[in-house]
Structure formats: C-alpha cells, structure tokens
Amino acid sequence: MILVTGGAGFIGANFILDWLAQSDEAVVNLDILSYAGNLENLAVLAENERHIFVRGDIGNTVLVSDLLRRYRPRAVVHFAAESHVDRSIHGPESFIQTNIVGTFRLLEAVRSYWQELDEKARKDFRFLHISTDEVYGSLAKGEPAFTEAHQYQPNSPYSASKGASDHLVRAYHHTYGLPVLTTNCSNNYGPYQFPEKLIPLMIVNALGGKPLPVYGDGKQIRDWLYVKDHCAAIARTLRAGTPGETYNIGGWNEKPNIEIVNIICGLLDELRPQTFGSYRSLITFVADRPGHDRRYAIDASKIERELGWKPAETFETGIRKTLQWYLENSDWVANVQSGAYLTWIEKHYRGRVDEDSAVW
C-alpha cells in the first residue's frame, strides 16, 4: 500500500493509472479536488478496489494521521501542490498555504507515523516529494543545464513556495532521519493536463478556432518531459533512490515556446485540417507575464547514471501521442471547459461515501 497526495491532478492521476496497471500494490489517493483535481481522470478506476479515494486536505493533520494509521502505507508520494505560475502571480496566498504549510503539516503527520513503525518498516519507508525545475531560477543562453547542486533562485511565488517545500523535506531528513527523496522535473505534457498550461491550451484553443496566445516573443525555452516518462522515473526513484538524495528528471528536449506552438499547429493541420487554412494563423503574441523566466534546462544525467532511468519518448513521439489523446477525448475536454467535471464525482461516487472519514 502506498499513499499518494494530489492523485486526481494531471501528473498524480497518470502516476496512479500506471502504478495500478504495473503493480499489485493498492493506492490511497488523497486529493482535495481543487479546480485542477479531476476524478474523471481516474474514471476507469471507479470500481477498482485497489484505488481508495479520499477527499481531503494534506493540511488536515487529523485526517492524514488517521489514514496513515488505518492503511499503514510503506511510502508516501507527494504530488499535491498549487502549480500554475500565472495563478501564483495573481493570488500567491493559496500557494503558500498548500505548498509550504500543507507540506509541513503532511511531514509532521508522516514523521509521527514513521517513528512508531518497527525498525524494518522504518528502514524501508520512503517519503517521495515531487518538485520542479523552476526552483533553480532562469538560465541564460549557453549556460549549463540545472544539476541537483544548482543554487535555488526562484523567481515567482509558485517556484518560491516549491523551493520552500523542498527545503522542509530536506530538513526533515537531516534533522529527524525521515527517509525522503526529492525529484525536480521539467515541464510535463500529456493526457489529462488541465488546459491552462501551454500545450493543452494551444490544442484546445486551436480546435475551437480561438487565438493561440503566446507570451512576449515566444522564445522562452523549456525542457519538455512526457508525463508517462515522468511517472516511470518516479516509480524508479521510489524503488531504488537513496534516502536524502535529489534527482532531476528531464526529457532532454529544450525548445522555445513558439516552436512548440508551431509544432502543434503543424500536427493539427495534418490530423484535423480546417477550411480557414493553417492553425498557425491563430497565433497571437500577447504581453509577457511579470518575471517570466527565459530558459529552464534539466541535466538528467544523475538519475540515468545511478538509477538507470532515461525518457522513452522524444518530443516528436510524445507530442503526437498527446494530440491524439486530446482529439480522441473531446468529452473530457468539454467537461473541463464547462466545469461539468466538478460534478462527476457526485454522479459516479454517490452512495459510496463514508461522510465520517471523507473516504469516497
């Protein structure tokens, strides 16, 4: 049994789907179901007894402690976070509460549980914290990619809150001995991504004939990681990572945003042609966002060298799979756009709720 936080979100849901397909271990999935938490991502698991969903907050120490005592997980995989930079600029407080305070309270509950385990269980236990490359700040053109030893220089409320959570996790290892692992990933893309992030936003807007907004000159560079590759790296880290260590996870795919948008338009011209001509005609440059980092790049050599992981997908294969998924799952897209996904849990989990424990 493992406990996953934020398992109804984009990366967390993909991780749970892959985990249950490849492992016999059950998953307790704790998610508060904020705007980006979508149980429809896990619709195929609605009758799967190895997926136990709990609607709740990682900051609710009583709830988390109860779940730990009841299910006795051998590991906690911590995805739960506020993660959209633009939202952090307009409303930073929720990022402080979830990413910093929430992680602190989760760590406290886990520490208490871990200290009560027998010696072997304590040794085998893991707390895996999922973080981001944005904690490292911005790189100039030609600078070496981020390694695990790179200085933290966060530039947005989001990245600052994630950096703080990373430091807390590290401190709980060095102060209390909690066997933690931290991963810092580059930009993810793939199925079930909420359409506020670049790639799904471009796909959804293009299919709707809407403008494709590109910040500034569009030359901001990111490293792109297919979500299924990321999930495989997390599973490998959980199995073989050394407690106290950090592992950078990247796709070895540095590309400027405008190139990403043009690739999407070219694939849509091929797969879903329109009478108005190329989707590239929808590209619209807009004012840049405040403090927009120019370049991120991940050096993923350590995880390949020490744990034997490297991405299976190139950007070309991953983006084609992603586009095909969005084209084949128009109902999911429509439910996200309309907000109907927020009522999905009521329709599909009615009668399966334990109101006292918040287990759905």
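Because the model is predicted, local features are described where pLDDT is at least 70 and side-chain atom pairs count only at pLDDT 80 or more, whereas totals for chains, interfaces and linings use all residues. Residues are numbered from 1 along each chain as its sequence is written, and side-chain values use heavy atoms, with hydrogens and water left out. The pLDDT is the predictor's confidence in each residue, on a scale from 0 to 100; its mean over the chain is 92, and 94% of the residues reach 70 or more. Over residues 348-360 the pLDDT stays under 50, and for this stretch the model has 28 contacts beyond four places in sequence, a contact being heavy atoms within 4.5 Å.

One part of the structure to look at is an open sheet of seven strands, in the order 3-2-1-4-5-6-10 and with parallel pairing. Helices (H or I, at least four residues) and strands (E, at least two) are DSSP runs numbered from the N terminus, and two strands pair if DSSP finds at least two bridges between them. Strands of a sheet pair through backbone hydrogen bonds, either parallel or antiparallel. Strand 3 (51-55) and strand 10 (246-249) stand at the edges with a single partner strand each, so one side of each is left without a neighbour in the sheet. Neighbouring strands of this sheet are turned by 20° against each other on average, direction ignored; axes are lines fitted to C-alpha atoms, for helices over the stretch in contact, and angles run from 0 to 180 degrees between N-to-C directions.

Within this sheet, strand 4 (residues 75-78) and strand 5 (residues 126-132) pair in the parallel sense over four bridges, and the bridge partner of His 78 in strand 5 is His 129. Helix 8 (residues 227-240) packs on the sheet, where it touches strand 4, strand 5, strand 6 (180-185) and strand 10, and its direction makes about 145° with that of strand 5.

Helix 8 also meets helix 1 (residues 10-22), and the axes of these two helices come within 9 Å and cross at roughly 65°. Helix 1 and helix 8 are therefore roughly perpendicular to each other, where angles under 35 degrees count as roughly parallel, over 145 as roughly antiparallel, 65 to 115 as roughly perpendicular and the rest as oblique. By class, the contact has nine nonpolar, two polar and two charged residues; Ala, Val, Leu, Ile, Met, Phe, Trp, Tyr, Cys and Pro count as nonpolar, Asp, Glu, Lys and Arg as charged, and the others, Gly among them, as polar.

A further open sheet is formed by three strands in the order 7-9-11, and here the pairing is mixed. Its edge strands are strand 7 (187-189) and strand 11 (254-256), each of which pairs on one side only, and neighbouring strands are turned by 50° against each other on average, direction ignored. Strand 7 and strand 9 (residues 221-226) pair in the parallel sense over three bridges, and Asn 188 stands opposite Leu 225 in strand 9. Helix 9 lies across strand 9 and strand 11, running at about 85° to strand 11.

Helix 9 (residues 257-271) also packs with helix 7 (residues 198-207), at an angle of about 40° and with their axes 10 Å apart. Helix 7 and helix 9 are therefore oblique to each other, and their crossing is right-handed. Among the residues that make the contact are Met 202 and Ile 203 of helix 7 and Ile 260 and Ile 264 of helix 9. By class, this contact has ten nonpolar, one polar and no charged residues.

Key. Left-handed = near helix turned anticlockwise from the far one by under 90°.
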